[in-house]
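Colleague: I have a structure open and a few things to ask about it. Can we go through it side chain by side chain?

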Amino acid sequence: MHGTEAPSPWVQRCAHLIAPHSPVLDLACGAGRHMQLLAALGHQPLGVDRSSEALAAASAWGKTLQADIENSPWPLVGQRFGAVVVTNYLWRALWPHIVGAVQDGGVLIYETFALGQETVGRPARAEFLLAPGELLQVAAEGGLRVLA
């Protein structure tokens with residue numbers, strides 16, 4: 001099941017940037033590997049995923065919300081978080097919602113696959129791979145300051 005492996009080293013490295021005791025959105029959270037880390041650091045994670053099986057495991061670490069964010073309206077309208085964490089997931093239509101969910105002074109921690117990945121494994125389809133500079137452009141257009 002997705003999300004049972006160890007937390008991403010990138011998320012671990014950046015987690016100190018999140019203000020203490022912040023609400024944190026873990027988007028496409030799987031079984032909650034990052035929710036566990038964030039809860040241990042004193043944050044209040046909310047995990048969103050479409051898999052009820054994954055969310056059953058993730059609920060041990062915080063609140064969960066089952067939602068098909070690719071085929072349904074954005075379920076978190078008006079909600080903002082001290083951090084939004086997204087790993088191994090890319091659905092470009094959600095960029096405005098993801099950036100908009102980061103509260104002023106908050107942090108977007110994003111890690112996913114980039115073009116070139118198709119030469120070594122999955123995902124291999126371009127629609128699931130970041131283009132060079134794409135995430136930097138999204139951050140700039142959303143008014144976010146890039147730290148790393």
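Colleague: Which backbone nitrogen lies 3.2 Å from a polar atom of the side chain of H43?
Modeller: That of S22. Keep in mind that this is a predicted model.

Colleague: And which backbone oxygen lies 3.4 Å from a polar atom of that H43 side chain?
Modeller: The backbone oxygen of A19.

Colleague: Where does H43 lie?
Modeller: H43 is in the loop between α2 (33-40) and β2 (44-49).

Colleague: Is H43 buried or exposed?
Modeller: H43 has a relative accessible area of 7%. The limit for buried is under 20%, so H43 counts as buried.

Colleague: What does H43 touch, leaving out residues up to four places away in sequence?
Modeller: I18, A19, P20, H21, S22, V24 and L38.

Colleague: H21 is on that list. Is H21 buried or exposed?
Modeller: H21 is exposed, at 56% relative accessible area. H21 sits in the loop between α1 and β1, and its phi is positive, about 60°, although H21 is not a glycine.

Colleague: What follows α2?
Modeller: G42, with a positive phi near 95°.

Colleague: Staying with α2, which of its residues are buried?
Modeller: R33, H34, M35, L37 and L38.

Colleague: What covers them?
Modeller: The cover includes α1 (9-14), β1, β2, α3 (52-58), β3 and β4.

Colleague: New topic, salt bridges. How many does the structure hold?
Modeller: Two. One of them pairs R80 with D104, with the closest N and O atoms 3.6 Å apart. That pair links distant parts of the chain, with R80 in the loop between β3 (63-66) and β4 (81-87) and D104 in strand β5 (residues 102-111), 24 residues apart.

Colleague: Which side chain meets R92 in a salt bridge?
Modeller: E134, at 2.5 Å from N to O. R92 lies in the loop between β4 and α4 (95-100), while E134 belongs to helix α5 (residues 134-141), so this bridge ties together parts that are 42 residues apart in sequence.

Colleague: Is E134 buried or exposed?
Modeller: E134 is buried, at 14% relative accessibility.

Colleague: On to the nonpolar side. Which residues touch the most other members of the largest nonpolar core?
Modeller: L25, L27, V48, I69 and V84, in a core of 23 residues. At least two residues of this core come from each of β1 (23-27), β2, β4, α4 and β5.

Colleague: What is L27 in contact with, leaving aside neighbours within four places in sequence?
Modeller: V48, I69, W74, V85, V86 and I98.

Colleague: Which residues are in the other core?
Modeller: That core has 10 residues, among them V24, L38, A83 and V85, and lies apart from the largest one. V24 and L38 are also on the list of residues that H43 touches, and L38 is one of the buried residues of α2.

How values were computed. Residues are numbered from 1 along each chain as its sequence is written. This is a predicted model: local features need pLDDT of at least 70, side-chain atom pairs count only at pLDDT 80 or more; totals for chains, interfaces and linings use all residues. Side-chain values use heavy atoms; hydrogens and water are left out. A salt bridge is a side-chain nitrogen of Lys or Arg within 4 Å of a carboxyl oxygen of Asp or Glu. Helices (H or I, at least four residues) and strands (E, at least two) are DSSP runs, numbered from the N terminus. Buried means under 20% relative accessible area, exposed over 50%, partly exposed in between (1.4 Å probe, protein chains only). A polar contact is a pair of N or O atoms within 3.5 Å; within protein, one must be able to donate a hydrogen and the other to accept it, and residues adjacent in sequence count only if both atoms are side-chain atoms. Contact means heavy atoms within 4.5 Å. A nonpolar core is a set of buried Ala, Val, Leu, Ile, Met, Phe, Trp, Tyr and Cys residues joined through side-chain atoms within 4.5 Å.
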